[in-house]
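Student: I have just opened this structure and would like a friendly tour. Could you take my questions one at a time?

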Amino acid sequence: MLTYAGNSTNGRSISGLSFRPDLVWIKNRGNANDHQWYDSVRGPNKKLSCNTPDAEWTAGSEFSSFDSGGFTLGNWDNRQNGPYNYVGWAWKGGGVAVSNTSGTIASQVSANPAAGFSVVTYAGNANQVQTVGHGLSATPKMVIIKPRLAS
């Protein structure tokens, strides 16, 4: 977890982690702005808002990169607008996504089996029974699913 004060600087590096994150969750600590999720599987220009029913957005240059020891922000106010304070939670997956065909639906996965954490993306097929490979060595204890397309 990293905390920082917004200063409206484009290309701002947020550092202090001991790893390169594969999932970053950013939230304004004092305002009701949406929560923003960015992950290395979909790439830094795609975001999801976990507290709204919104689909995936193409974020352009809002979130620039996942870096060794942190991440770099782009030019969007709701992640670094001064004078607000922010928190960025971060998780380490397995780096570059790999194809996973161990389920009935193929997926792209960045997995960290030692930590029991993975980021997965897949396209559903409208069947009621589906399995999706997650790249972990055990059954996950928690799964969060967020639709990427508007319904």
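Student: With the side chain of which residue does the side chain of H35 make a polar contact?

Tutor: Keep in mind that this is a predicted model. H35 sits in the loop between strand 3 and strand 4 (36-39). Leaving out residues up to four places away in sequence, H35 touches W25, I26, K27, L48, S49, C50 and N51. The side-chain polar contact, at 3.0 Å, is with W25.

Student: Is H35 buried or exposed?

Tutor: The cut-off for buried is under 20% relative accessible area. H35 has a relative accessible area of 18%, so H35 counts as buried.

Student: Let us move to K47. Why does K47 count as buried, and which side chain does the side chain of K47 meet in a polar contact?

Tutor: K47 belongs to strand 5 (residues 43-48). K47 counts as buried because its relative accessibility is 2%, and the limit is under 20%. At 2.8 Å, the side chain of K47 makes a polar contact with the side chain of E62.

Student: Which residues of strand 1 are on its covered face?

Tutor: In a regular strand, side chains alternate between the two faces of the sheet. Strand 1 covers residues 2-5, and T3 and A5 are on its uncovered face. The covered face holds L2 and Y4.

Student: What is the bridge partner of Y4 in strand 9?

Tutor: Strand 1 pairs with strand 9 (residues 85-91) in the antiparallel sense. That pairing runs over 4 bridges. Within it, the partner of Y4 is Y86.

Student: What is the strand order in the open sheet of 3 strands?

Tutor: Pairing in this open sheet is antiparallel, and the order is 10-11-12. Its edge strands, each pairing on one side only, are strand 10 (98-100) and strand 12 (117-122). Neighbouring strands of the sheet are turned by 40° against each other on average, ignoring direction. To answer your question, the order is 10-11-12.

Student: And which residue of strand 12 is the bridge partner of V109?

Tutor: Strand 11 (residues 107-112) and strand 12 run antiparallel, joined by 6 bridges. In strand 12, the partner of V109 is V120.

Student: What is the phi of A126, about?

Tutor: A126 lies in the segment after strand 12. A126 counts as exposed, with 76% relative accessibility. Although A126 is not a glycine, its phi is positive, at about 70°.

Student: Stepping back, how many helices and strands are in the protein chain?

Tutor: From the N terminus on, the elements run β-β-β-β-β-β-β-β-α-β-β-β-β. Counting them gives 1 helix and 12 strands.

Student: What radius of gyration does the protein chain have?

Tutor: Along the principal axes, the C-alpha atoms fill a box of roughly 50 × 35 × 25 Å. Of the 151 residues, 40% count as buried. A compact globule with 151 residues would have a radius of gyration near 15 Å, and the chain agrees with that at 16 Å.

Student: Last one: of the contacts with a separation of 6 or more, what percentage comes from residues 24 or more positions apart?

Tutor: The pairing of strand 1 with strand 9 links residues 2-5 to residues 85-91. For the protein chain, residues 24 or more positions apart account for 54% of those contacts.

How values were computed:
Residues are numbered from 1 along each chain as its sequence is written. This is a predicted model: local features need pLDDT of at least 70, side-chain atom pairs count only at pLDDT 80 or more; totals for chains, interfaces and linings use all residues. Side-chain values use heavy atoms; hydrogens and water are left out. Buried means under 20% relative accessible area, exposed over 50%, partly exposed in between (1.4 Å probe, protein chains only). Helices (H or I, at least four residues) and strands (E, at least two) are DSSP runs, numbered from the N terminus. Two strands pair if DSSP finds at least two bridges between them. A polar contact is a pair of N or O atoms within 3.5 Å; within protein, one must be able to donate a hydrogen and the other to accept it, and residues adjacent in sequence count only if both atoms are side-chain atoms. Axes are lines fitted to C-alpha atoms, for helices over the stretch in contact, and angles run from 0 to 180 degrees between N-to-C directions. The radius of gyration is taken over C-alpha atoms; the globule rule is 2.2 Å times the number of residues to the power 0.38. Contact means heavy atoms within 4.5 Å.
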